[in-house]
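Here's a quick briefing to read alongside the sequence and the model. Have both open as you go.

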Amino acid sequence: MRSADLRVAVAGLVVLGLALAALGAPVLAPHDPLEMSPALLAAPSPAHVLGTDSFGRDTLSRLLFGARTSLLIAALSVVAAAGIGAPLGILSATYRGAVDWVVMRAIDLILAFPPLILAIAAVTFLGTGPVKLAVIIGVLYLPTFARLAYASSLAVVQQDYLDAARALGGSTWRLMRRHVLPNIASPLIVQCSLSLGFVILVESGLSFLGLGVPPPAATWGRMVSESRNYMQRMPLLLIWPSLAIALAIGAFNMLGDGLRDVLDPRLQHNWRRRRAVGVARSPARIPQA
Amino acid sequence: MDTYVIRRLAAAAGLTVAVVTVVFLLLRLVPGDVVLVMLGENEAPPDKVAAMRHALGLDRPLVVQYASWLSGALRGDFGRSFLSGRPIGTDLAARAPRSLELTGAALLLGVAVGVPLGALAARRRGSVLDFLAGGVAIVGITFPSFVVGSVAVLLFGLVLHWFPATGYVDFRSDPLGHLRHLVLPAATLALEIVAITMRMTRSSVLETLSQDFVRTAWAKGLGTAAVLVRHILRNSLIPVVTVIGLQAGTLLGRIVLVEYIFNWPGLSTLLLSGIYQRDYPVVQAVVLIVAVAFVCINLLVDLTYGAIDPRIRLG
């Protein structure tokens with residue numbers, strides 16, 4: 001097993017675990033995340049495995065429901081970023097000229113603001129809520145996808161097979177969907193994974209400042225922020241959500257890095273052919289790729 | 001001035017105009033009546049509402065509002081804070097140097113630790129030092145600043161009492177106390193810079209180590225320090241400079257979290273109190289200052305990069 005494969009496998013397992021925790025939170029959580037028990041700031045015990053917060057709410061349940069909020073917003077944001085950004089990039093690579101100019105200037109404008117500042121300003125003036133938050137964060141990361149899609153489709157658009165497809169009467173829409181998109185999919189998938197890490201960083205930061213999904217919903221960022229008043233008495237309250245955030249960010253980054261190595265276009269041809277003839281999936285790694 | 005510099009300057013000027021326009025429009029994007037939102041009550045007395053609308057200039061045509069806002073901003077006049085009644089420009093002028101100091105200290109610390117650490121890790125690849133440096137990089141990248149800051153407050157401030165946990169002391173009244181208050185926030189901000197410059201320096205130095213001119217330098221009998229500093233580092237630092245420039249955006253965002261945690265009275269705490277109290281003109285002014293500063297930083301990075309590496313200018 002190559003180290004990239006191993007990294008993808010480990011990170012993939014962690015991501016899968018987080019996703020299961022998020023989806024299964026209502027079943028897995030031992031308590032209602034908003035239920036206040038009389039045991040305030042309790043240490044871990046059989047009743048509350050990770051202890052309780054200053055309102056007597058069960059920390060484990062809040063962590064699980066926090067995973068639900070964070071991962072939902074992260075997934076929606078990346079879908080928004082890739083769903084708007086990638087088509088814009090492909091469009092401007094296909095049409096060039098005025099379309100290209102307008103798209104690139106719009107992207108420059110988004111990039112003219114430091115990301116977190118733009119998010120804070122947008123949330124302040126436009127209001128918050130899960131969907132709005134996801135769209136705002138999505139717009140923040142749209143430039144990366146647009147530029148990536150632009151750069152990769154530029155190479156595809158100049159290929160002979162695209163001329164051939166056009167000569168056979170394929171519409172521009174069909175060309176983009178059937179020929180350009182599949183050929184630029186790998187870098188976009190890698191970027192999705194890396195972006196999930198960034199998005200969780202921004203979402204939890206906003207939440208920490210009280211500008212994320214409004215209370216009483218449990219979010220990791222707010223859990224860190226709420227723990228700060230009691231951290232001297234109950235440092236565990238700070239530790240759990242911090243670890244959850246770091247675990248999620250680390251796993252998405254590692255998955256993205258690993259996928260980039262696995263999906264490296266220079267290896268892909270080799271890899272496909274070997275699979276097709278049934279040889280074990282272990283392409284010789286190009287030295288220092 | 002060659003065409004590269006002129007092109008960059010023109011692009012930055014255009015971008016600044018666009019940024020100013022977007023920030024101006026922000027206040028007009030608030031869903032519902034912004035005056036009612038700011039007053040925070042549904043049945044505010046009509047005369048109060050009208051007075052507020054007039055104070056914000058919202059009773060005039062949009063073009064007139066834009067012109068007066070723009071001319072005010074150019075003169076550093078952002079109107080008065082709706083809550084404190086003080087001119088916003090005065091608060092900005094008092095707080096901007098503190099944010100600048102924190103950013104500068106973090107950059108300096110980050111580069112001063114990151115570059116040598118990266119060079120040493122590359123030189124002794126696979127050693128314990130390399131392994132430890134890799135660990136620092138992973139922590140710096142996966143743990144968000146607000147987590148690092150909170151843990152730093154708890155560990156070094158409240159438990160070990162090495163440094164004051166939060167707060168700010170004026171340099172003129174107590175220079176030593178001022179520096180002691182600076183340590184934790186600056187170190188928190190610097191951790192990610194250390195991680196990123198370290199990784200970049202390491203991989204860049206590793207690449208340079210295998211170059212022919214390095215072998216020549218060794219062969220002609222130069223000492224380790226001379227080869228490392230004069231031949232290897234000098235040729236490895238261009239990507240490091242770029243990566244530091246790219247960090248500017250996240251740094252300006254992360255400083256908001258760090259100032260908030262450590263109660264550092266800079267621009268970000270002004271921004272946040274403006275947000276929490278719905279004092280929108282203050283928010284607008286800070287966002288504008290930070291965004292324009294960011295455009296200027298990017299311009300400087302581009303120009304520096306063009307000066308270091310002539311190939312960029314032809315691109």
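At roughly what angle do the axes of helix α5 and helix α6 of chain B cross? They cross at roughly 135° and come within 8 Å, with axes being lines fitted to C-alpha atoms (for helices, over the stretch in contact) and angles running from 0 to 180 degrees between N-to-C directions. Bear in mind that this is a predicted model, where local features need pLDDT of at least 70, side-chain atom pairs count only at pLDDT 80 or more, and totals for chains, interfaces and linings use all residues. Residues are numbered from 1 along each chain as its sequence is written, while chains are lettered from A and ligands numbered from 1 in the order in which they are written.

**The α5/α6 pair in chain B**

- Helix α5 covers residues 88-123 of chain B and helix α6 covers residues 128-142; helices (H or I, at least four residues) and strands (E, at least two) are DSSP runs, numbered from the N terminus.
- α5(B) and α6(B) are therefore oblique to each other; angles under 35 degrees count as roughly parallel, over 145 as roughly antiparallel, 65 to 115 as roughly perpendicular and the rest as oblique.
- On the α5(B) side, B:Leu117, B:Leu120 and B:Ala121 make the contact, and they meet B:Leu129, B:Asp130 and B:Ala133 of α6(B); two residues are in contact if their C-beta atoms, placed from the backbone, lie within 7 Å.
- Sorted by class, the residues of this contact are five nonpolar, no polar and one charged. Here Ala, Val, Leu, Ile, Met, Phe, Trp, Tyr, Cys and Pro count as nonpolar, Asp, Glu, Lys and Arg as charged, and the others, Gly among them, as polar.

**The two chains**

- Chain A has twelve helices and zero strands.
- Chain B has 13 helices and, again, zero strands.
- For chain B, the buried share is 35% of 315 residues.
- The C-alpha trace of chain B spans about 85 × 55 × 35 Å along its principal axes.
- Take the contacts in chain B between residues at least 6 apart in sequence: 70% of them join residues at least 24 apart.

**Where A meets B**

- On chain A, 31 residues are in contact with 33 residues of chain B.
- The chain A elements giving two or more residues to that side are α4 (97-111), α5 (115-126), α9 (185-208) and α11 (235-262).
- That side of chain A has 21 nonpolar, eight polar and two charged residues.
- Leaving out neighbours within four places in sequence, A:Ile117 is in contact with B:Leu252, B:Gly253, B:Val287, B:Val290 and B:Ala291.
- A:Ile117 also turns up in the largest nonpolar core, a set of 154 residues, among those with the most contacts inside it, along with A:Ala119, B:Val286 and B:Ala291. Such a core is a set of buried Ala, Val, Leu, Ile, Met, Phe, Trp, Tyr and Cys residues joined through C-beta atoms within 7 Å.

**Two valines to click on**

- A:Val99 is in helix α4 of chain A and is partly exposed, because 14 other C-beta atoms lie within 10 Å.
- Not counting residues up to four places away in sequence, A:Val99 touches A:Leu91 and A:Ser92.
- B:Val301 is in helix α12 (residues 280-308) of chain B and counts as partly exposed because it has 17 C-beta neighbours inside 10 Å.
- B:Val301 and B:Ala248 are 53 residues apart in sequence and 9.6 Å apart in space, C-alpha to C-alpha.

Methods:
A residue is buried if 20 or more other C-beta atoms lie within 10 Å of its own, exposed if 12 or fewer, and partly exposed in between; C-beta atoms are placed from the backbone.
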